[in-house]
Amino acid sequence: MATQEKTRLTRDLMAARIAAEFQDGWIVNLGVGMPTLCSDFLPADRFIVLHSENGLIGYGRNATVEEATPYVVNAGTFPVLLQPFASIVHHADAFAVIRSGRLDVGVLGAYEVGANGDLANWKTSREKKGGGIGGAMDIAACAQRIYVLMEHTTRDGKPRLLERCNLPITAAGVVKLVMTDLGLFEPNGEGFTARELAPGFTLEEVQALTGAPLRPAPDMREVQIR
């Protein structure tokens with residue numbers, strides 16, 4: 001029997017899978033970087049309000065070159081399209097939405113996630129290029145749930161899913177789901193529960209690239225893009 005080819009998920013597939021978790025009526029903030037791709041994969045059968053801390057509320061998919069305008073951009077400054085119900089508000093009002101707890105979910109990138117749900121998505125090192133904390137601190141502290149979208153390992157192969165984070169913590173115990181190029185995982189306190197794995201990968205192979213114990217969900221399966 002031929003062995004199934006191992007295929008790490010593309011960023012588009014990762015974004016599509018995490019976007020499938022958005023529920024009808026949710027207000028969703030998409031962080032700078034990979035999370036912004038989620039706006040291209042919103043479930044067609046659900047009403048989702050995308051919120052951006054720069055004051056754009058109710059935007060949709062990323063704009064093509066022909067559709068782009070210089071003023072309608074998401075928090076990462078990439079051009080997007082407005083939904084019919086969209087509003088453009090003051091920067092302070094956008095943060096008031098965050099700080100009042102109205103975000104159902106914030107999707108953020110990360111450098112590390114701990115088994116206890118800790119989020120580390122900024123660096124202080126002067127020797128290496130690192131991202132500033134930006135609006136992530138407010139989102140992580142105030143959103144009802146945090147989903148993380150990131151590569152499973154660093155460029156030199158070190159794990160990003162850890163028993164405890166080594167980098168400064170953005171917020172403690174807030175991460176509910178982690179989507180990587182190797183699957184979908186939930187922090188469980190002692191390690192991570194593997195809900196879905198990338199095609200062709202076994203739990204043991206993913207465990208070898210993870211810095212915390214993995215255990216399979218009762219219904220663990222290959223990643224499903226719904």
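**Cysteines, a histidine and the overall fold**

Okay, let's start with Cys38: at 0% relative accessibility, this one counts as buried, where buried means under 20% relative accessible area, exposed is over 50% and partly exposed is in between, using a 1.4 Å probe and protein chains only. Before I go on, this is a predicted model, so to speak of local features we need pLDDT of at least 70, side-chain atom pairs count only at pLDDT 80 or more, and totals for chains, interfaces and linings use all residues. Residues are numbered from 1 along each chain as its sequence is written, and side-chain values use heavy atoms, with hydrogens and water left out.

So, how many disulfides are there? Zero, by the rule that a pair of cysteine sulfur atoms must lie within 2.5 Å. Take Cys165: its closest cysteine sulfur, in Cys142, is 19 Å away, too far for a bond. Cys165 is buried too, at 15% relative accessible area.

Now His152. You'll find His152 in the loop between strand 8 (146-149) and strand 9 (161-162); strands are DSSP runs of E, at least two residues, and helices are runs of H or I, at least four, numbered from the N terminus. His152 is buried, with 0% relative accessible area. Its side chain makes a polar contact with the side chain of Thr180, at 2.9 Å. Polar contact here means a pair of N or O atoms within 3.5 Å; within protein, one must be able to donate a hydrogen and the other to accept it, and residues adjacent in sequence count only if both atoms are side-chain atoms.
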